[in-house]
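Me: I'd like to learn how to read pockets and a helix in a model. Could you take me through it step by step?

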Amino acid sequence: MLMGAAGLTFEVVESGIDEVRRDREAAVEFATRMACEKALNVSARIRDALVLAADTIVECDGQILGKPRDAHGPDVHERIVAISESRFDGTPGATVLGVNA
C-alpha cells in the first residue's frame, strides 16, 4: 500500500454504506459520490481524524460492473473473463476530509 510505503501510520475503517448506483449516473459521478459518502460516514464516527476515502468503478463494454456478490464466488470468475476479453475502464474517485470536517 502506498501510504505504508511512505511511512504513514493509518487505520482502515469500513464505511458500511450501500453502494447503489443512481439511474443514469455516469461512472465518474458514481465513483466520486461513493468516495464522498464513505468519507462522510467514517468522519462522522471518528471525529478527530484525517479521512481518505476512495472507490473505483469498472466499466466493461459500456456497462458499469457492480461489486461481486462473493469475493470467491462464480461471478468473480465471470467478471475476470469478461474483462480479459473486452475493453474496460476503471474510474477512480477519492475524497479527503480534514479533522472536524
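Reply: Let's start with terms: helices (H or I, at least four residues) and strands (E, at least two) are DSSP runs, numbered from the N terminus. A pocket is found on a 1 Å grid over the protein atoms alone, as an open set of points where a 1.4 Å probe fits, with protein on both sides within 12 Å along at least five of seven lines; lining residues have an atom within 4 Å of a point. This is a predicted model, where local features need pLDDT of at least 70, side-chain atom pairs count only at pLDDT 80 or more, and totals for chains, interfaces and linings use all residues. Residues are numbered from 1 along each chain as its sequence is written, and side-chain values use heavy atoms, with hydrogens and water left out.

Me: What volume does the largest pocket have, and which residues are closest to its centre?

Reply: A volume is the space filled by probe spheres set on the grid points, which are joined across faces, edges and corners. Here the largest pocket has about 800 Å³. Its lining has 23 residues, and Glu11, Val12, Val13, Leu52 and Ala53 are the closest to the centre. Two or more lining residues come from each of α1 (2–5), α2 (27–45) and β1 (51–60), with β1 giving the largest share, four residues.

Me: How many residues of that lining are nonpolar, polar and charged?

Reply: Ala, Val, Leu, Ile, Met, Phe, Trp, Tyr, Cys and Pro count as nonpolar, Asp, Glu, Lys and Arg as charged, and the others, Gly among them, as polar. The largest pocket's lining has 17 nonpolar, two polar and four charged residues.

Me: And what about the second largest pocket?

Reply: That one holds about 180 Å³. Its lining includes Glu19, Phe30, Asp55 and Arg79. β1 again gives the most, four residues, and by class there are six nonpolar, two polar and four charged.

Me: Now for α2: which of its residues are buried?

Reply: Buried means under 20% relative accessible area, with a 1.4 Å probe and protein chains only. In α2 the buried residues include Phe30, Met34, Lys38 and Val42. An α-helix has 3.6 residues a turn, so residues three or four places apart point the same way. The buried residues of α2 pack against β1, β2 (63–65) and β3 (88–97).

Me: Why does arginine 33 count as buried, and what is it in contact with?

Reply: Arginine 33, in helix α2, counts as buried because its relative accessibility is 13%. Contact means heavy atoms within 4.5 Å. Leaving aside neighbours within four places in sequence, arginine 33 is in contact with Val20, Arg21, Arg22 and Glu25.

How values were computed: Buried < 20%, exposed > 50% of the residue type's maximum accessible area, 1.4 Å probe, protein only.
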